[in-house]
Amino acid sequence: MESNDIWDAEAARRYDTPGRGMFAPSVLDPTVDRLAELAEGGSALEFAIGTGRVGVPLAERGVPVTGIELSPDMIAQLRTKVDESVLPVSEGDMTSVRAPGDFHLVYLVFNTISNLLTQDQQVECFRNAARHLVPGGRFVIELWVPELRALPEGRKATVGVVEDGYILLDTYDTLSQHVVSHHFTFNEARRARLDRTPHRYIWPSELDLMARLAGFELEARHADWQGGEFTADSPYHVSVYRLVD
């Protein structure tokens, strides 16, 4: 499964859920608040900006935002909200595309670095972030912690979410650190819709080593965007890396 096969025109149309899910104020507002703080009055670059879930409200806060996005269909959906003069986007791979300008902040949210399916690609993502940053600039990553402790012995799947109209199952290949997320969505009809997204999971310590290879050092790690303490039981982390001068 290639990214453009997943994030096609239909996926782009269905991605936005205003006021709900990832777009709920309780999720989005703390994210934007923290990123605006970390930008410290400078410009920001979002890798895999998608439809602008975070980039658009961050730009509305007065932070100059630029994006990189692989999917032309996701960019087209973003363009229904803001034009190029407000939020410029470079189309291409976040491991290699160079957006014009130098930035104080590069960020990559909602587990998206795991969409890169090899360790080499993930390292190149860090290196590309470093190429865009001014000395002392920050790279922020939001990522889930692998849930291998929840994997039953002898089985390959975990149940991630069970709620009205949606079930998430994750199947693991622990040898390659690959996960396929199986998203089942359904209503009162008898048929369900299945979408799959592949990932390569990354341990926090592995992420820190990738950062060091690209010239970063870990500045802070929290359990959420509000600054909660990161512990051994935290399912997510927000990690802030600073480019070494």
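Helix H3 (residues 25–39) lies across strands S4 (103–108), S5 (133–144) and S11 (236–243), and runs at about 150 degrees to S4. Helices (H or I, at least four residues) and strands (E, at least two) are DSSP runs, numbered from the N terminus. Axes are lines fitted to C-alpha atoms, for helices over the stretch in contact, and angles run from 0 to 180 degrees between N-to-C directions. The model is predicted: local features need pLDDT of at least 70 and side-chain atom pairs count only at pLDDT 80 or more, while totals for chains, interfaces and linings use all residues. Residues are numbered from 1 along each chain as its sequence is written, and side-chain values use heavy atoms, with hydrogens and water left out.

The open sheet has seven strands in the order S3-S2-S1-S4-S5-S11-S10, with mixed pairing; two strands pair if DSSP finds at least two bridges between them. Its edge strands, S3 (89–91) and S10 (216–222), each pair on one side only. Direction ignored, neighbouring strands of this sheet are turned by 20 degrees against each other on average. Strands S1 (residues 44–47) and S2 (residues 65–69) run parallel and are joined by four bridges; glutamate 46 stands opposite glycine 67 in S2.

Helix H6 also packs on the sheet, where S1, S2, S4, S5, S10 and S11 are touched (contact: heavy atoms within 4.5 Å). The direction of H6 makes about 145 degrees with that of S5. Asparagine 128 is found in helix H6 and is buried, with a relative accessible area of 0%; buried denotes under 20% relative accessible area (1.4 Å probe, protein chains only). Leaving aside neighbours within four places in sequence, asparagine 128 is in contact with Phe47, Met94, Thr95, Ser96 and Val97.

The axes of H6 (residues 119–132) and H7 (residues 204–213) come within 8 Å and cross at roughly 55 degrees.

Within H7, Pro204, Glu206, Leu207, Asp208, Met210 and Ala211 are buried. The cover over these buried residues includes H6, S5, S9 (192–200), S10 and S11. Glycine 215, with a positive phi near 95 degrees, follows H7.

Conventions:
Buried < 20%, exposed > 50% of the residue type's maximum accessible area, 1.4 Å probe, protein only.
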